[in-house]
Amino acid sequence: QVQLQESGPGLVKPSQTLSLTCTVSGGSITSSDYYWAWIRQTPGKGLECVGYMVHSGVTNVSPSLRSRTSISRDPSKSHITLQMSSVTPEDTAVYYCARGRESDYSYDYWGRGTQVTVSS
């Protein structure tokens, strides 16, 4: 059974860098059958794909966030990490990691999500 668990600080101050880790168990993060995404949900905007990483390690980040967001991985720890710099209150959201299937681009496993609040 594949499980995804997000972790990171619940509260970040404006202008600081947010760092979140997704720990994956029960599956390989380098499998060519899947890609790994960070998705956030805010009351006003709904679900927004922050970005994703494919099995080769290539990433694709939302254009609106690209200048201050990166996604990386550590296969030895089964970690997918999101870093977002210069955060503002608009980055307040529940952040999810999810596994996507290369076959049909659907998400088959999600983490429970972690609330991140940007506030001084």
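Along the sequence, the protein chain follows the pattern β-β-β-β-β-β-β-β-β-β-β. The chain holds eleven strands and zero helices, where strands (E, at least two residues) and helices (H or I, at least four) are DSSP runs numbered from the N terminus. This is a predicted model, in which local features need pLDDT of at least 70 and side-chain atom pairs count only at pLDDT 80 or more, while totals for chains, interfaces and linings use all residues. Residues are numbered from 1 along each chain as its sequence is written, and side-chain values use heavy atoms, with hydrogens and water left out.

**Overall dimensions**
- The C-alpha trace spans about 40 × 25 × 25 Å along its principal axes.

**Burial and contacts**
- Of the 120 residues, 39% count as buried, meaning under 20% relative accessible area with a 1.4 Å probe, protein chains only.
- Among contacts (heavy atoms within 4.5 Å) between residues at least 6 apart in sequence, 53% join residues at least 24 apart.

- Not counting residues up to four places away in sequence, Tyr-95 touches, among others, Leu-18, Leu-20, Ile-39, Val-50, Leu-82 and Val-116.

Definitions and conventions:
Buried < 20%, exposed > 50% of the residue type's maximum accessible area, 1.4 Å probe, protein only.
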